Amino acid sequence: MTDTLLLAEEILHEARAISKKISCAESCTGGLVAAALTEIPGSSDVFNGSAVVYANSAKENILGVSRAILEKFGAVSEECALAMCEGSLRIYDTDFAVSITGIAGPDGGSDLKPVGTVWFGFASRGKFASYAVKKLFSGNRREIRESSVEFALSELLRAIKS
C-alpha cells in the first residue's frame with residue numbers, strides 16, 4: 001500500500017473514532033485527494049464528498065468563493081484556499097474540510113506565483129480556526145500534484161488528531 005493510501009486509511013480511522021465527517025475542495029489536484037480517500041473500503045461512513053472546482057466560475061458558483069477574492073488575490077491564494085475549504089465544510093455539512101489550489105504546470109506560473117505554488121486550506125466545525133498553508137513543490141506536473149495530495153492528507157490527519 002502506498003504512503004498516500006496509508007495516510008487516507010489513517011484519516012478515515014481517526015475520523016471514524018471520533019464520529020466526524022470530512023470533505024474536500026480540489027482545484028489543481030483534480031479529485032486525487034477524494035480518490036485516495038475513496039480507495040479505502042468503507043470510506044462512505046466518514047467521507048461526504050469533494051468538489052473539483054478547476055475554473056474560477058466553479059469556485060464561485062459551487063463553493064461560494066467571492067468574485068472579489070478571485071479578482072483581488074487570485075485563485076492561487078490564501079484567501080481562496082480558505083474560502084474553498086469553508087465552502088466545502090458548508091455544502092457537505094462536514095466536521096473537517098481540506099482545500100487545494102495551485103499551479104501544477106508546466107505553464108501558468110509567474111514571478112510571484114511560480115509553477116509548484118500550492119495553497120491548502122483547512123477548516124473544522126469548532127475544533128480549530130480555519131488556516132491556510134502555502135507550499136512550493138518542485139518537479140513535473142504529476143510530481144507536484146502527488147506532493148500536494150500527500151501534504152494535504154498529512155496535514156488533514158494532523159488536524160483531525162489535534
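**Terms and basis.** Buried means under 20% relative accessible area, exposed means over 50%, and partly exposed lies in between (1.4 Å probe, protein chains only). The model is predicted: local features need pLDDT of at least 70, side-chain atom pairs count only at pLDDT 80 or more, and totals for chains, interfaces and linings use all residues. Residues are numbered from 1 along each chain as its sequence is written, and side-chain values use heavy atoms, with hydrogens and water left out.

**View 1. Glu 155 and Arg 158 pair within helix H6.** Their closest N and O atoms are 2.6 Å apart, forming a salt bridge. A salt bridge here is a side-chain nitrogen of Lys or Arg within 4 Å of a carboxyl oxygen of Asp or Glu. Both residues lie in helix H6, three residues apart, about one turn of the helix. Helices (H or I, at least four residues) and strands (E, at least two) are DSSP runs, numbered from the N terminus. Glu 155 is buried at 11% relative accessible area. Arg 158 is partly exposed at 45%. The structure holds six salt bridges.

**View 2. Lys 161 meets Glu 10 in a salt bridge.** The N to O distance is 2.8 Å. This pair links distant parts of the chain, 151 residues apart. Lys 161 sits in helix H6 (residues 141–161), and Glu 10 in helix H1 (residues 3–17). Lys 161 is partly exposed, with 47% relative accessibility. Glu 10 is also partly exposed, at 31%.

**View 3. Asp 93 and Arg 125 join two loops.** Their side chains form a salt bridge at 3.5 Å, N to O. Asp 93 lies in the loop between helix H5 (78–92) and strand E3 (96–102), and Arg 125 in the loop between strand E4 (117–124) and strand E5 (131–136), so the pair ties together parts 32 residues apart in sequence. Asp 93 is exposed at 56% relative accessible area. Arg 125 is partly exposed at 44%.

**View 4. Cys 24 and Cys 28 are buried.** A disulfide is a covalent bond between the sulfur atoms of two cysteines. The cut-off used is a pair of cysteine sulfur atoms within 2.5 Å. A search of the whole structure finds zero disulfides. Relative accessibility is 0% for Cys 24 and 3% for Cys 28.
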